[in-house]
Each structure stands twice: as C-alpha cells, then as structure tokens.
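This report describes selected features of one protein model. Please examine the sequence and the structure shown below before reading on.

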Amino acid sequence: MSDVEKRDTVIIGAGPGGYVAAIRAAELGQSVTVIEKSDTLGGVCLNVGCVPSKALINAGHRFQDAKDASTFGITTQAPSIDFSKTQAWKDEKVVARMTSGVKMLLKKHKVDVIQGEAVLDSDTKLRVVSTGPKQFMSADDGLTIEFKNLIIATGSRPIEIPGFKFSGRVLDSTGGLNLPAIPKEFVVIGGGYVGTELAGAYANLGSHVTILEGTNSILPNFDKDMVKVVLSQMKKKGIDVITNAMAKKSEQDDKSVTVTYEVDGKASTITADYVMVTVGRRANTDDIGLEMTSVKTGDHGLIEVDSQGRTSVPNIFAIGDIVAGPALAHKAFFEAKTAAGAIAGKNTANDWVGVPAVCFADPELATVGLTQSEAKDKGLDVTTAKFPFAGNARAVSLDQPDGFVRLVTTKDTNAVVGAQVVGPGASDLIAELSLAVNSGMNAEDIALTIHPHPTLSEPIQEAADVAIGFPTHI
C-alpha cells in the first residue's frame with residue numbers, strides 16, 4: 001500500500017450498520033472499503049450482544065424444559081449443565097458461524113476490509129491506526145485514505161458508573177455473556193433490555209438473580225401492564241427485583257463481590273459471585289477525530305443527520321447507535337441501506353412510521369408505533385383493542401397462556417398507529433404489526449386477513465376483530 005490512497009466509499013465499522021451499508025453500496029456499483037478495529041466482523045450485535053445473548057436465553061429455556069415437563073406428563077432424571085459446552089456452542093456454532101457469514105458476504109461483494117482504527121483528519125481524509133494482529137487486509141500505521149464518501153458506523157459501548165469499574169467480578173454485558181461458570185448469586189444493575197434478558201437467562205440456568213433498578217420499574221420503555229406479566233414470571237423464577245435502588249459501590253475479592261445500594265436513603269448490601277452493570281450505552285464518537293471535521297454533534301455525542309443519514313458535511317453519513325433514535329440493530333440495517341442508496345443518487349429516506357422494539361424476556365415483549373398514551377400526547381383520538389393469549393389454542397397447548405396482543409387505533413378510521421405484544425413469540429409476531437403501522441393499514445385490513453389455525457398469530461386477527469366491534473373468541 002502507498003502512504004495515501006484514494007477510495008470511493010469508505011465505511012468505519014463492520015457492525016450491523018457498517019457491513020449492511022457495505023453490501024448495499026457494492027450492489028449499487030460503488031467501490032467499497034470497510035475499516036474495522038476489531039479482529040472479527042459483525043460488531044457488538046453478532047459478537048457480544050444480540051446474537052450470543054439469545055443463544056444463552058435459548059439454552060436457559062432448554063434447561064427449564066428438561067427440568068420440569070411434568071405438566072405434559074413427562075418425567076426425567078434431574079438434568080445437569082456443562083456450562084463450558086454451552087459457552088463453546090454459543091461461541092463456535094452461533095457467533096463464529098454468523099461472523100464468518102459476514103466475512104463471506106463482504107468477500108462476495110468485493111469489499112476491501114482493513115483492520116485498524118480510523119481517525120478522521122478532515123472532511124475528506126482519515127488515518128488508519130493499527131490495532132494488532134491482522135485478520136484482514138494489512139494496514140500500516142499512518143496510512144491515509146482520501147475518500148469521496150464516508151459512512152460512520154462506529155456503534156456504542158457500555159456505560160461505566162462510579163464505584164463499578166469494569167474489572168474482575170464487576171462486569172459489563174460482554175463479561176456477563178462470557179462467564180466461565182453459572183453463578184450461584186448474580187446481581188444485575190439496570191433493568192432495561194439487556195439486564196432483563198440476561199437476568200432471565202441466568203435464572204433459567206440456575207442462578208439466583210437480583211436486579212437493582214434505579215427507577216420505579218424495570219423496562220420503562222414498555223407499558224406497565226406488559227411489564228407486569230414479566231414481573232409475575234420473574235417472581236416464579238425467584239428473581240428479586242429492587243426498584244428505586246441506587247448502586248453506590250462495589251468491593252470484591254477473588255471469590256465474590258459485595259454491592260452497596262440505597263433505597264430511600266437507606267443503605268443495604270448484597271454479596272454475589274458477579275455483578276453486571278447494564279445501565280445504558282454511549283455512542284462511539286469521541287475518539288474518531290470528529291473535531292477535525294465540520295460534522296455537527298448534539299446531545300450525548302450523537303451525530304446530527306438528515307432523513308438520508310447525511311451529516312452537516314454532504315459527503316459524510318452516520319448510521320446506527322451514533323445517531324438519534326433507538327439503538328437497535330434492525331434500525332441500523334435500514335439506515336445503512338438508506339445511506340448507501342443516497343450516495344448512489346437514489347431517492348432514499350429513513351421514513352419509517354415506527355421501529356419495532358423487542359425484549360427477549362420471559363415472556364417476550366414487543367412494541368411498534370405509538371402506545372395509547374403517546375398517541376394521546378400527539379393529539380390523536382385513539383382507542384385500544386386487546387386479545388389475551390389465554391384465549392388462543394396454540395398458546396394454551398404450549399402452556400404459555402400469559403400475555404396479550406393490543407392494537408392502538410384511531411377512533412374515526414380504525415387506522416393502526418401502534419401495537420404491543422407480550423407473550424409467546426412476540427418477537428416474531430411484531431413483524432406483521434410493524435407492516436400494518438408502517439403501511440397505514442386499519443384494523444379491518446387485519447381482520448379480513450385469514451390467519452392459520454391454531455397458531456400464535458391468531459390473536460392479532462382476534463384483536464383486530466375486537467377493534468372493529470365483532471369479537472369472536474372473547
């Protein structure tokens with residue numbers, strides 16, 4: 001390589017946003033270079049986030065199924081877990097397979113991948129700093145790339161709080177996913193998506209879990225009646241949820257960690273094998289040289305962009321966790337395609353009405369569009385229609401009757417402006433409701449769509465029947 005290279009479209013980061021942007025840009029005829037500082041592709045999501053966490057969640061469910069199937073008349077000897085094999089399966093059969101798939105796709109589309117850390121020097125140039133042994137194309141320190149267009153997709157990192165430096169038995173979510181053994185006692189600070197999911201996973205695997213949440217409820221982004229269903233299941237699993245709890249400090253030795261927290265000014269302690277801190281994430285925009293460019297940033301270091309992901313500099317785009325909106329991989333997927341299309345001159349836009357959000361708790365929760373209260377805050381005259389999974393034959397046959405499907409519709413036209421699901425298969429069911437919200441469908445459109453029987457999809461149609469005033473099974 002020469003000391004200075006001219007490139008067409010350069011992408012910083014090979015996570016969900018970065019690698020999808022690279023593939024779409026290549027499909028649109030662009031010459032694409034991806035710069036990734038890690039020695040694996042796929043970013044947080046594929047390596048230490050969305051994907052491996054679902055693997056552990058699934059393992060926990062399998063263990064619980066083996067442990068107690070007496071409801072179905074099935075008895076077995078007490079099952080046991082070789083957690084090292086569980087972790088090996090997660091890492092080798094799930095994570096490695098998915099990340100190698102990304103590598104294959106980038107190679108298929110003739111995308112150049114450089115391992116190194118990109119640091120911007122101006123609105124048209126960046127330097128690549130070596131980050132260690134090369135898994136991809138070699139890049140010597142000091143390599144300068146002059147780009148025509150740039151997409152920044154650097155993602156985010158866990159927030160560290162005072163008194164809980166990530167070290168030893170104080171873990172971030174990455175550490176929580178890679179424990180060498182199942183802890184007997186496990187403390188989770190933060191009851192959001194990640195904290196709730198991994199708390200449930202380890203409880204299913206046999207841990208006693210305590211969640212310390214600083215607000216008055218876990219999962220504050222979901223409606224209270226949805227969270228109530230999850231809390232009921234947590235109680236059955238022996239998970240302790242302490243709300244309005246402010247974590248103050250941690251003290252650890254080679255065998256345990258003691259957490260001090262306060263509720264209403266009263267200090268208490270709890271000792272565990274590990275404590276995992278999941279109180280949010282911070283955008284990775286502080287170490288990439290943005291100050292050397294004309295790119296504008298706003299609150300929390302987020303980069304300001306227009307509907308195509310274009311920053312204040314016309315040839316620089318930003319997508320994913322570093323821009324406003326929910327920090328979700330599927331949002332980054334969409335933004336990636338929009339930005340790549342914009343560079344190619346396509347009339348693309350991030351014009352969604354609602355982005356679905358899912359928490360893989362027990363049971364799963366999913367939401368899209370507006371809740372009833374959000375709709376009213378926007379001045380919409382809405383009503384809700386709800387159907388319980390207890391009235392669904394498939395859910396009952398699975399012994400998972402808890403939860404419901406709810407539609408939020410306008411009173412005048414029955415337009416579906418939002419929907420919520422809590423119950424079995426919510427993560428999959430929300431896709432149909434996302435289509436309804438983003439396509440401007442009304443409840444009658446759903447009610448007239450024949451859903452197969454007996455399936456978990458039927459409560460969507462049943463809720464639509466409720467919305468139009470002709471309920472069948474309620």
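Helix α3 gives the most to the lining of the second largest pocket, with six residues. The model is a predicted one. Three helices, α3 (50-67), α6 (193-205) and α7 (224-237), each supply at least two residues of this lining. The space in the second largest pocket amounts to about 1,100 Å³. A total of 31 residues line the second largest pocket, and those closest to its centre are D65, Q233, K237, D399 and Q400. The table sorts the lining of the second largest pocket by residue class.

| Class | Residues in the lining |
|---|---|
| Nonpolar | eleven residues |
| Polar | ten residues |

A second topic is a sheet. In what order do the three strands of the open sheet stand? The order is β12-β13-β14, and the pairing is antiparallel. Strands β12 (245-252) and β14 (266-272) are at the edges and have a single partner strand each, so one side of each edge strand is left without a neighbour in the sheet. On average, neighbouring strands of this sheet are turned by 25° against each other, direction ignored.

Strand β13 covers residues 257-263 and pairs with β14 in the antiparallel sense over seven bridges. Which residue in β14 is the bridge partner of T258? The partner of T258 is T271.

Terms used. Residues are numbered from 1 along each chain as its sequence is written. This is a predicted model: local features need pLDDT of at least 70, side-chain atom pairs count only at pLDDT 80 or more; totals for chains, interfaces and linings use all residues. Side-chain values use heavy atoms; hydrogens and water are left out. Two strands pair if DSSP finds at least two bridges between them. Helices (H or I, at least four residues) and strands (E, at least two) are DSSP runs, numbered from the N terminus. Axes are lines fitted to C-alpha atoms, for helices over the stretch in contact, and angles run from 0 to 180 degrees between N-to-C directions. On a 1 Å grid over the protein atoms alone, a cavity is a set of points where a 1.4 Å probe fits but cannot get out, and a pocket is an open set with protein on both sides within 12 Å along at least five of seven lines; lining residues have an atom within 4 Å of a point. Grid points are joined across faces, edges and corners, and a volume is the space filled by probe spheres set on the points. Ala, Val, Leu, Ile, Met, Phe, Trp, Tyr, Cys and Pro count as nonpolar, Asp, Glu, Lys and Arg as charged, and the others, Gly among them, as polar.
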